[in-house]
Amino acid sequence: MEWLSAENIVAVGTAVLGIVASGVMVWYERRVPRRKRIGYRVQMDNPIGDDVRSGRPNRRLGLFDETPGMVDATLVLLRIENDGSQGIDGDDYTGPEQHGLTAVFTDRTIRGVSVTQPTEADHLMDHFTPERGFGYEGNRLHIPRVPLNGGEHFKLLVLLSGGDVGRAIRLTGGIREGEVHPNRSATPDETPPLFSRAARLISITLTLSVVTLAGIVVARDDNPPPMDCARGALTVTGSTAFAPVVREVAKDYEKKCAGADITVDARGSEAGAAGLSDQGARSKGSPSVIAFSDGPSADGTSSRPLVANRVAVLAFTLVVNGGLDLGHGLSLDDVRRIYRGQITRWSQLDPRLPGLPVILVSRNADSGTRQIFQRRVLGSWERAPSTSLDCVHKDDRSAPVTRCELGSTEEVLDKVAQVPGAIGYSELDLALGHKGVRRVALDGAMASVGDIEHGRSGYPYRGVEYAYTYGRPPADSLAAGFLAYLGQGVGETVIREHGHLPCSAPAVLPLCADGVT
């Protein structure tokens, strides 16, 4: 990882900012006294009469019209609150007078006062008595030493005459270790902000930094390039059954390793191994080719210098046309009789089965899937000759059964799904996702990689997937890097996702070492 990567810079910056902000807050708490504060604001200053020099004249009825002095009257609503961090007691007021605060209304005369407070603060009303200094004189309103907890407030509705609407209104008085100050509000009952502007700015900055860091972490590719990244061109050939795994792993390797170009050319296990042998014999050194084989290749067991790498354990299965229900499946003896041509119609196995002719859909001689089928299931070569080119019409009418050979597992599955009475064989994962075919149990056991891995089944149709190279490729070559990647985390995951067991897994290693083929 590069130390100057974007995520590291943001992470370090966020951490430093958080530490500095925390330090400043600790310093402030320890060094700056926590102040007591009384804030006040004018929430209403409206005219009542029509002789007010500032403001709009109003229409009046009742007492507002009949009471003397209403021609130039005004109403003011004054809110007084504890907006500090500490409670205020009666002894915290420092003035020498009996009252605690004084509200001064410039150029106006007070005619009357009404006190209001929130429902939860009824106890405050006990302090608004003449004995405690509550009263007015001229333009001055004397406010008692009212104790206020943090956030508590009361309001004064003051009737005045003379002067202009909007003239200065101020609150005077002293608070021990505190202050009396005006505050602002856009609406009559809006409370002061919980956090200061500086605190809000720090919070927003920290939040943006964390969000940015999270975005970088989510957007980046958490999978680092493989340690075995190599440049160059590589051809991967051989098994068609294992080709889906190889294609997916190759695509992922190319994505993570710039300069790697991998071509997948699946043509059958034996054809791939034979082609690797021929190409190696003509070249100097190890060609950049890997041949995959279902089971050990005949070329790999000859004197030619092919090096085998066990990659995975594969499970295979017999399949029949979807219209043919074999119930509990077939015994190994039944399968051998079918492939020797001794069973020509399905009703010969069981009268309850339809009298459809048996159609053998096989792979060609280069197929590793066929080699494993012959070794593990038939115990011999497929004896019946190929008698059909289209798997439907018997070209050799003297042959007991119709048998055809196809070049890939996908072709076998497609043909079995199309032809009534057809039977063939396939790698398990490809068969599971194919419509129109039924899997066939052997001696009562269905193919299951889980049962094979945990030793719960002796299911016979299974084998080891081999990766062959011509000699040992150089350690820094693309062939060596790709094989190493196949046995690592991503490669193991892809192998399992396709229904196989990776030989690099400790639990599977004994199966690969024993050579289940």
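Begin by selecting Arg 79, which sits in strand 2 (residues 73–82); strands here are DSSP runs of E with at least two residues and helices are runs of H or I with at least four, both numbered from the N terminus. Before going further, note that this is a predicted model, in which local features need pLDDT of at least 70 and side-chain atom pairs count only at pLDDT 80 or more, while totals for chains, interfaces and linings use all residues. Residues are numbered from 1 along each chain as its sequence is written, and side-chain values use heavy atoms, with hydrogens and water left out.

Is Arg 79 buried or exposed? With a relative accessibility of 4%, Arg 79 counts as buried, where buried means under 20% relative accessible area, exposed means over 50%, and partly exposed lies in between, using a 1.4 Å probe and protein chains only.

Next, turn to the cysteines, where the count comes to 3 disulfides, a disulfide being a pair of cysteine sulfur atoms within 2.5 Å.

Select Cys 229 and Cys 257, whose sulfur atoms are 1.9 Å apart in a disulfide. Cys 229 lies in the loop between helix 3 (197–219) and strand 10, and Cys 257 in the loop between helix 4 and strand 11, so this pair ties together parts that are 28 residues apart in sequence. The torsion about their S-S bond is about -80°, so the disulfide is left-handed. Cys 229 is partly exposed at 34% relative accessible area, whereas Cys 257 is buried at 2%.

Move on to Cys 391 and Cys 404, which form a disulfide with sulfur atoms 1.8 Å apart. Here the S-S torsion is about 100°, so the disulfide is right-handed. Cys 391 is buried, with a relative accessible area of 0%, and Cys 404 is buried too, with 1%.

Then select Cys 503 and Cys 512, joined by a disulfide with an S to S distance of 1.9 Å. Because the torsion about the S-S bond is about -90°, this disulfide is left-handed.

On a 1 Å grid over the protein atoms alone, a cavity is a set of points where a 1.4 Å probe fits but cannot get out, and lining residues have an atom within 4 Å of a point. The largest cavity holds about 40 Å³ of space, a volume being the space filled by probe spheres set on the points, which are joined across faces, edges and corners. To display its lining, select Val 236, Thr 237, Ser 239, Phe 242, Ala 243, Val 246, Val 264, Ala 266 and Phe 292. Strand 10 (232–238), helix 4 (243–256) and strand 11 (260–266) each supply at least two residues of this lining.

How values were computed:
1 Å grid on protein atoms, 1.4 Å probe; cavity = no way out; pocket = protein on both sides within 12 Å on 5 of 7 lines; lining within 4 Å.
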